[in-house]
Amino acid sequence: MNYYIVIPAHNEEAFIALTLQSLSEQTLLPSKVVVVDDNSTDKTSEIVNEFSIKFPFISLVKKTSEAIHLPGSKVIQAFHKGFETLDENYDVIVKLDADLILPSNYFETIINTFKSDPKIGMAGGFAYIEKNGDWILENLTDKDHIRGAFKAYRKECFLQIGNLKPAMGWDTVDELLCKFYGWKVVTNQSLKVKHLKPTGANYNKTARYKQGEAFYTLGYGFLITSIASAKLAMLKKKPLLFFDYIQGFLKAKSAKKPLLVTTEQAKFIRSYRLKKMKEKLIK
């Protein structure tokens, strides 16, 4: 199976070399790696160009967008820019962050996972962050969820869910749509990815409201949004974030923001989320 990787990058000179080095050391090499330099003002492009000379499967694409960082839309627009440069001769497409160190067997294991079952639509490992010299699990989500930093999709699944949505919540809606269409999402706890820049490091107040907006555009409804907001705020150990999330949800509802999903998909998503919540309560 051929796998292609797209890496959106903005001012990643501190990390991008480590990411590309870990890709060059994979036991199963990617067929293509496209790094999309989105308006960087540092040496990101120079570093990528140096790697592209040594490793012909690595290439650089430049993109110019607004400097403001909002989670979701900016990074996925950059992903789209890179994806547009690729041909269709891939079996697996990967969206990767530019601040990761992957174990050398990461993609060999991911490809073998896809080969093991034709109904597996997405696969991924787990993110670890450094704390006091130790690498610990970045425990912001359930263990059956693949982090947005390293998403691998079977081609047929990727096309059926309609590519990635350029909005916050893209890395939740993709998995929910996978399940809507009957695909399996598989995580592998043995694949420990070092995440060098913790999630949310650049988020400001506006971005925090965006999380609540994302819950709205996913079709969650107020009850599920309240539960999800409380859980995420506690996982981040910032209880007051709950109010930011709820305010973001209510603003989006008041503005009648368009959903990322259809009415039928939203109904499925609410039913699925409630089912998962009830299962956890029973446990």
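Two packed helices are described by the angle between their axes and the distance between the axes. In the predicted model, helix H8, which spans residues 221-235, packs against helix H9, residues 241-254, at an angle of about 150°, and the two axes lie 8 Å apart. Because angles over 145 degrees count as roughly antiparallel, H8 is described as roughly antiparallel to H9. The crossing in which H8 passes H9 is right-handed. On the H8 side, the contact is made by Gly221, Phe222, Thr225, Ser226, Ser229, Ala230, Leu232 and Ala233, which meet Leu241, Phe242, Tyr245, Ile246, Phe249 and Leu250 of H9. Sorted by class, the residues of this contact comprise 10 nonpolar and four polar ones, with no charged residues.

Most residues other than glycine have a negative phi, and most peptide bonds are trans. Lysine 237 has a relative accessible area of 69% and is therefore classed as exposed. A positive phi is also found at asparagine 11, where the value is near 50°; asparagine 11 is placed in the loop between strand E1 and helix H1 (16-24). With a relative accessibility of 31%, asparagine 11 counts as partly exposed.

The largest nonpolar core of the model holds 75 residues, of which Ile7, Leu20, Ile93, Leu96 and Phe107 touch the most other members. Strand E1, formed by residues 3-9, gives the most to this core, contributing six residues. When residues up to four places away in sequence are not counted, the contacts of isoleucine 7 include Ile16, Thr19, Leu20 and Leu23, together with Val33, Val34, Val35 and Val36.

Glutamine 265 is located in helix H10, which covers residues 263-282. The relative accessible area of glutamine 265 is 9%, so that this residue is classed as buried, the cut-off for that class being under 20%. Leaving aside residues up to four places away in sequence, glutamine 265 touches Leu177, Phe180 and Tyr181.

Note on methods:
Residues are numbered from 1 along each chain as its sequence is written. This is a predicted model: local features need pLDDT of at least 70, side-chain atom pairs count only at pLDDT 80 or more; totals for chains, interfaces and linings use all residues. Side-chain values use heavy atoms; hydrogens and water are left out. Axes are lines fitted to C-alpha atoms, for helices over the stretch in contact, and angles run from 0 to 180 degrees between N-to-C directions. Helices (H or I, at least four residues) and strands (E, at least two) are DSSP runs, numbered from the N terminus. Angles under 35 degrees count as roughly parallel, over 145 as roughly antiparallel, 65 to 115 as roughly perpendicular and the rest as oblique. A crossing is left-handed if the near helix is turned anticlockwise from the far one by less than a right angle, and right-handed if clockwise. Contact means heavy atoms within 4.5 Å. Ala, Val, Leu, Ile, Met, Phe, Trp, Tyr, Cys and Pro count as nonpolar, Asp, Glu, Lys and Arg as charged, and the others, Gly among them, as polar. A nonpolar core is a set of buried Ala, Val, Leu, Ile, Met, Phe, Trp, Tyr and Cys residues joined through side-chain atoms within 4.5 Å. Buried means under 20% relative accessible area, exposed over 50%, partly exposed in between (1.4 Å probe, protein chains only).
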